[in-house]
Amino acid sequence: MTATEYNKGVSLWADDAMRFAMRCCNSRSDCEDAVQEALASLWSHRDEVAAAKGKGYLLSAAYRSLMMTLRHNKVVQMHERQTVVETTQKPDERFDLREAIERSLQSLPEVQRAILQLRDVEGYSYSEIGEILSLSDSQVQVYLFRARVAMRKQLKTLGYGNDR
């Protein structure tokens, strides 16, 4: 990939990478950092990456960077929770549908959340998702199925079942 192709790719793909990162994580600063690291990685590997594969590389790099940040944040939060008594939420408390969906999305494992977002929101095929996340097509299908089942189950417990 030449510098011109890289610059053109950045202008075309940066928004997609940011949108993908924001669906995986709600922290704008973490997403911006992950996308910047992905862009830097793409620049440093531009000689090894074909221009046609640039977007996939960028999304993969952003995903890996974001997952490292999220894992780090989980460790920090677990450490903080050891010193603070958590308050529990009443199980019959209701949320509006958007909040319920966001909560159930955030409760999914990172891989399932990313696959769900890439497939259902972004419209990628199983093979494209597999390429981005370094998974086989069958793994993508299984993770997507499990994510949908978990979302459906959690939304039903929050009172958003098929009867609404």
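These are my notebook entries on a predicted model, taken topic by topic.

**Entry 1: overall make-up**

I started with the secondary structure. I count seven helices and zero strands in the protein. Read from the N terminus, the order of elements is α-α-α-α-α-α-α. Next I looked up burial. The protein has 164 residues, and 37% of them count as buried.

**Entry 2: aromatic pairs**

How many aromatic pairs are there? I find two. Y6 and W43 make up an edge-to-face pair, with 4.9 Å from centre to centre and 65° between the planes. The angle is over 60 degrees, so the edge-to-face label applies. Where do the two residues sit? Y6 belongs to helix α1, residues 3-24, and W43 to helix α2, residues 28-44. The pair therefore ties together parts that are 37 residues apart in sequence. Y6 has 11% relative accessibility and counts as buried. W43, at 35%, counts as partly exposed.

F20 and Y63 form a tilted pair. Are F20 and Y63 buried or exposed? Both are buried.

I note the form of these entries for later. A pair of aromatic rings is described by the distance of the centres and the angle of the planes.

**Entry 3: charges over rings**

I returned to W43 and looked at what lies over its ring. The charged end of R46 sits there, 3.8 Å from the ring centre. W43 thus has two entries in this notebook, because it also pairs with Y6 across α1 and α2. I then looked at Y126. R119 lies over the face of Y126, and the distance to the ring centre is 4.3 Å.

**Entry 4: the largest pocket**

I went on to the pockets. The largest one has a volume of about 220 Å³. Its lining is made of 13 residues. Which of them lie nearest the centre? I list L70, K74, Q77, Q106 and R113. Three helices each supply at least two lining residues: α3, α4 (97-107) and α5 (110-121). The largest share comes from α3, which gives five residues. I sorted the lining by class. Four residues are nonpolar, five are polar and four are charged.

S60 lies in helix α3. With a relative accessible area of 7%, S60 is under the 20% cut-off and therefore counts as buried. What does S60 touch, apart from residues up to four places away in sequence? The partners are E131, I132 and L133.

S65 is also placed in helix α3. S65 is buried, and its relative accessible area is 7%. Leaving aside neighbours within four places in sequence, I find S65 in contact with A34 and E37.

**Entry 5: I115**

I115 has its place in helix α5. Its relative accessible area is 0%, so I record I115 as buried. Setting aside neighbours within four places in sequence, I115 is in contact with I129, L133, L135, V140, Y143 and L144. I took one of these partners further. I115 and L144 are 29 residues apart in sequence, and their C-alpha atoms are 6.2 Å apart in space.

**Entry 6: the backbone at S134**

My last look-up was a phi angle. Most residues other than glycine have a negative phi. S134 has a phi near 60°, a positive value, and is not a glycine. Where is S134? S134 lies in the loop between α6 (126-133) and α7 (137-157). Is S134 buried or exposed? S134 is exposed, with a relative accessible area of 61%.

Methods: Residues are numbered from 1 along each chain as its sequence is written. This is a predicted model: local features need pLDDT of at least 70, side-chain atom pairs count only at pLDDT 80 or more; totals for chains, interfaces and linings use all residues. Side-chain values use heavy atoms; hydrogens and water are left out. Helices (H or I, at least four residues) and strands (E, at least two) are DSSP runs, numbered from the N terminus. Buried means under 20% relative accessible area, exposed over 50%, partly exposed in between (1.4 Å probe, protein chains only). Rings of Phe, Tyr and Trp (its six-membered ring) pair if their centres lie within 6.5 Å; planes under 30 degrees apart count as stacked, over 60 as edge-to-face and the rest as tilted. A charge sits over a ring if NZ of Lys or CZ of Arg is within 6 Å of the ring centre and within 35 degrees of the ring normal. On a 1 Å grid over the protein atoms alone, a cavity is a set of points where a 1.4 Å probe fits but cannot get out, and a pocket is an open set with protein on both sides within 12 Å along at least five of seven lines; lining residues have an atom within 4 Å of a point. Grid points are joined across faces, edges and corners, and a volume is the space filled by probe spheres set on the points. Ala, Val, Leu, Ile, Met, Phe, Trp, Tyr, Cys and Pro count as nonpolar, Asp, Glu, Lys and Arg as charged, and the others, Gly among them, as polar. Contact means heavy atoms within 4.5 Å.
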